[in-house]
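Q: I would like to learn how to read helices and their packing from a structure. Could we proceed through one feature at a time?

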Amino acid sequence: MDEQRRKAVRRSTLVFSLIALAFYLGFIVMAVVKGGR
Amino acid sequence: MAEHSNAASHADHDHHDHKPHGWRRWVFATNHKDIGTMYLIFACTMFFIGGFMAMLIRLELFKPGMQFFDPQFFNSMTTMHALIMIFGAVMPAWTGLANWMIPMQVGAPDMALPRLNNFSFWILPFAFTLLIGTLFVPGGAPAGGWTMYPPLVLQNGASFPMLIFAVHMMGASSILGAINVVVTIMNMRAPGMTLLRMPLFTWTWLITAYLLIAVMPVLAGAVTMLLTDHFFGTTFFTAAGGGDPVMFQHIFWFFGHPEVYILILPAFGIVSEIIPTFSRKPLFGYEAMVYATASIAFLSFIVWAHHMFTVGMPLAAQLFFMLSTMLIAVPTGVKVFNWTATMWKGSLTFEPPMLFALAFLFLFSIGGFSGLMLGIVPADYQYQDTYFVVAHFHYVLVPGAIFAIMGGVYYWLPKWVGNMYDMTLAKWHFWLSTIFVNVLFFPQHFLGLAGMPRRIPDYAVQFTDWNMVSSIGGFGFGLSQLLFVYVIVKCVWSGKRVETGRVWEGAHGLEWELPTPAPYHSWTEAPSDSIIAKGAAH
């Protein structure tokens with residue numbers, strides 16, 4: 001795998017991992033906010 | 001000529017593939033085909049464990065009255081059967097097929113993240129050992145249903161933390177697998193393999209992977225909150241502490257409905273590969289199929305509350321979720337129309353993959369229609385929690401998802417192992433499965449409409465006859481699957497050698513441009529544009 005493609009792979013892995021993390025934490029935060037109302 | 005030299009070059013690579021041998025090949029596997037094989041074997045094992053539990057359920061329900069098990073164990077069986085079949089059989093089977101086929105179909109040498117691929121597979125045996133281990137702890141296995149609704153799930157005994165940890169591990173495995181699929185498809189396609197040249201199986205898996213990345217963390221979030229409610233004094237879902245158990249249902253089904261499409265979209269992809277091959281025609285409306293798949297995925301995010309109409313919600317919400325549910329019939333209808341149009345005036349033959357694809361078309365549509373019935377709010381008030389629901393989702397998942405997986409295995413198995421299977425036995429497997437699956441699940445529509453509730457070990461005597469018929473169908477279907485394993489094992493060990501790269505006369509796609517059996521390393525050199533253009537079926 002050439003360096004450019006390797007970088008693209010790393011970048012998109014990071015982006016999709018962060019999206020997954022955002023969904024995980026987002027729903028917990030939403031539940032906390034709703035509970036606090 | 002280019003094709004042959006390419007194939008020869010690959011055969012040469014295969015000769016020098018330096019693949020590891022012994023247990024290291026599997027434990028430290030990074031090759032997409034090895035990992036795909038492990039996923040498929042794991043899924044098959046779970047299919048038989050989950051299937052055995054289904055047999056026990058049907059055994060108990062053969063006659064009214066308590067026959068063999070206490071109600072707690074019966075409910076454990078329904079819960080475990082669902083968890084094992086969904087997370088242990090169908091999802092890993094799709095990931096196995098994705099591992100095998102996506103690099104071959106997009107002209108990549110392997111998945112983009114091979115070590116992550118190994119990790120996401122090896123999480124699964126630990127997750128399911130933990131889950132199945134709950135059968136042996138005080139209080140027994142989880143018995144509150146696969147939906148894990150609080151407060152019932154919080155009353156589980158020692159199995160509760162094991163269940164939550166197992167679900168977290170399954171979720172992590174799925175998310176990592178999905179990230180790998182997206183990253184592979186977005187970054188590893190051969191030059192010239194544009195998005196709208198990709199085979200439908202790869203397309204449907206790309207969309208499925210996006211769904212997985214979005215919703216599996218939501219399930220993880222929900223069960224994390226269950227865990228903190230149980231052990232750390234929070235009250236997310238406990239009414240006594242100001243929490244709301246119904247909120248769990250909303251969060252769960254925000255995951256749960258897209259999950260249904262996670263289980264079925266790759267099936268649409270496989271059927272879209274098989275029908276053109278055995279009709280000897282290009283797929284009708286390729287782009288419409290892609291857009292229909294994307295539309296179904298989008299709509300799957302805005303229909304979740306149709307699973308909980310009876311929980312009590314404002315009329316406007318009921319109308320919104322009912323109408324958005326009805327909308328899904330439009331892109332699904334596009335798909336069914338396009339498959340039918342592909343076959344129209346085609347030169348059809350009925351090899352086992354085609355038989356499974358056709359059965360899928362008819363029987364999945366039955367599941368789709370009963371889904372529409374359930375989506376109608378006032379009707380759902382009658383059907384909620386009856387056997388009609390059980391009949392509906394089993395029609396979607398068994399002759400839907402599982403038939404497509406079997407069709408896919410029969411379609412690609414000769415390519416994988418280089419041997420052809422016994423056609424006669426495979427057709428026997430098809431006919432036995434198709435007859436028994438209908439004997440098993442069709443009567444459950446009648447039982448549900450007559451008012452038989454689901455998740456009960458005993459029932460009123462008027463439901464006896466159809467329950468007996470359903471149980472006979474269940475035993476027949478279960479036993480028929482032993483034939484599936486026999487056909488595969490016989491093919492691998494002593495099947496007739498396949499000499500050509502293009503195993504099926506009408507097959508199109510990059511995977512058929514590789515030699516048979518597929519070399520250990522697929523596309524070590526990117527395929528040329530002419531090969532890609534030739535492989536594109538549209």
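Q: How many helices and strands are there in chain A?
A: In this predicted model, chain A holds one helix and zero strands. The C-alpha trace of chain A extends over about 50 × 10 × 5 Å along its principal axes.

Q: What share of the residues of chain A counts as buried?
A: A residue is called buried when its relative accessible area is under 20%. By that criterion, 24% of the 37 residues of chain A are buried. Carbon and sulfur atoms account for 67% of the accessible surface of chain A, which is about 2700 Å² in total.

Q: Which length should helix α7 of chain B span at 1.5 Å a residue?
A: The expected span is 1.5 Å times one less than the number of residues. For the 32 residues of α7(B), residues 200-231, this gives 46 Å, and the end C-alpha atoms are 46 Å apart, in agreement. After α7(B) comes Gly233(B), with a positive phi near 80 degrees.

Q: Why is α7(B) described as largely enclosed by the rest of the structure?
A: The description follows from burial: 28 of its 32 residues are buried, so α7(B) is largely enclosed.

Q: At what angle do α1(A) and α7(B) pack?
A: Helix α1(A), residues 3-36, packs against α7(B) at about 40 degrees, and their axes lie 8 Å apart. The crossing of α1(A) past α7(B) is right-handed.

Q: Which residues of the two helices meet?
A: Contact requires heavy atoms within 4.5 Å. The residues of α1(A) that meet α7(B) include Phe16(A), Phe23(A), Tyr24(A) and Phe27(A); among those on the α7(B) side are Tyr210(B), Pro217(B), Gly221(B) and Met225(B).

How values were computed. Residues are numbered from 1 along each chain as its sequence is written. Chains are lettered from A and ligands numbered from 1 in the order in which they are written. This is a predicted model: local features need pLDDT of at least 70, side-chain atom pairs count only at pLDDT 80 or more; totals for chains, interfaces and linings use all residues. Side-chain values use heavy atoms; hydrogens and water are left out. Helices (H or I, at least four residues) and strands (E, at least two) are DSSP runs, numbered from the N terminus. Buried means under 20% relative accessible area, exposed over 50%, partly exposed in between (1.4 Å probe, protein chains only). Accessible areas come from the Shrake-Rupley method with a 1.4 Å probe; for residues, only the protein chains shown count as cover. Axes are lines fitted to C-alpha atoms, for helices over the stretch in contact, and angles run from 0 to 180 degrees between N-to-C directions. A crossing is left-handed if the near helix is turned anticlockwise from the far one by less than a right angle, and right-handed if clockwise.
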